[in-house]
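User: Could you walk me through what packs together inside this protein, and where the open spaces are?

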Amino acid sequence: AKLQTRLGRHVWLQFGSDMAALDRGLRFLRGLEPDLLRGVRVLGSVFIPTRQFLARMAFRPWNGVFLSPEFLSGVPEADQTVHQMVALYNQFNVEPLVESALTTAQEFEHARRLLGFRSS
């Protein structure tokens, strides 16, 4: 309905670990009338997993964000899910939006790897 008004210029995808739901949602968007999406940017939220982030989300998850016990079990497991998410984003031409604070060279390099960029 919002896209029909032609007032929205962006579709924002919330971060989560349910890749089947993400795939269904992206297929739904792809199936819409092309005119509805003309000039609309689709942006997908990405958080770069850290032990601190996983602990915070296990203790007090954000409202409306689903993160599976497997995702929350450790950084390697979460990295695998984020890698799958980025692959889906690429497949459906979604612009990834990294929302994590990257304050060290190590964190930045971790993000680059998950997003599929080669090391510099």
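**Aromatic cluster, core and pockets**

Analyst: Let's start with the rings: one aromatic cluster is formed by Phe-15, Phe-47, Phe-53, Trp-62 and Phe-71. Keep in mind that this is a predicted model.

User: What kind of aromatic pair do Phe-15 and Phe-53 form?

Analyst: The count of aromatic pairs comes to 6. For Phe-15 and Phe-53, the ring centres are 6.3 Å apart and the planes sit at 75°. Planes over 60 degrees apart fall in one class, so this pair is edge-to-face.

User: How many residues apart in sequence are the parts that this pair ties together?

Analyst: Phe-15 is in the loop between β1 and α1, while Phe-53 belongs to helix α3. The pair therefore links parts of the chain whose separation in sequence is 38 residues.

User: And Phe-47 with Phe-53: what sort of pair is that?

Analyst: Here the centres are 5.4 Å apart, with 10° between the planes. The cut-off for this class is under 30 degrees, so the pair counts as stacked.

User: Which element gives the most to the largest nonpolar core?

Analyst: That core has 31 residues, and Leu-13, Phe-15, Leu-22, Leu-26 and Phe-71 have the most contacts inside it. At least two residues each come from β1, α1, β2, α3, α5 and α6. The top contributor, with 6 residues, is α5.

User: Now the open spaces. Which element supplies the largest share of the lining of the largest pocket?

Analyst: The largest pocket holds about 310 Å³ of space. Its lining has 15 residues, with Ile-48, Thr-50, Ser-100, Ala-101 and Glu-107 nearest the centre. Both α3 (51–59) and α6 (105–114) supply at least two of the lining residues, but the largest share, 5 residues, is from α6.

User: How many nonpolar residues are in the lining of the second largest pocket?

Analyst: This pocket has about 240 Å³ of space. It is lined by 19 residues, and those closest to its centre are Leu-13, Gln-14, Asp-18, Ala-21 and Leu-22. α1 gives the largest share, 6 residues. By class, the lining has 1 charged and 5 polar residues, and the nonpolar count is 13.

Conventions:
Residues numbered from 1 in each chain as written. Predicted model: local features only at pLDDT ≥ 70, side-chain atom pairs only at ≥ 80, totals over all residues. Heavy atoms only, no water. 1 Å grid on protein atoms, 1.4 Å probe; cavity = no way out; pocket = protein on both sides within 12 Å on 5 of 7 lines; lining within 4 Å. Points joined across faces, edges and corners; volume = space filled by probe spheres on them. Helix = DSSP H or I, 4+ residues; strand = E, 2+ residues; numbered from the N terminus. Nonpolar A, V, L, I, M, F, W, Y, C, P; charged D, E, K, R; others polar. Core = buried A, V, L, I, M, F, W, Y, C linked by side-chain atoms within 4.5 Å. Buried < 20%, exposed > 50% of the residue type's maximum accessible area, 1.4 Å probe, protein only. Phe/Tyr/Trp six-rings, centres within 6.5 Å; stacked < 30°, edge-to-face > 60°.
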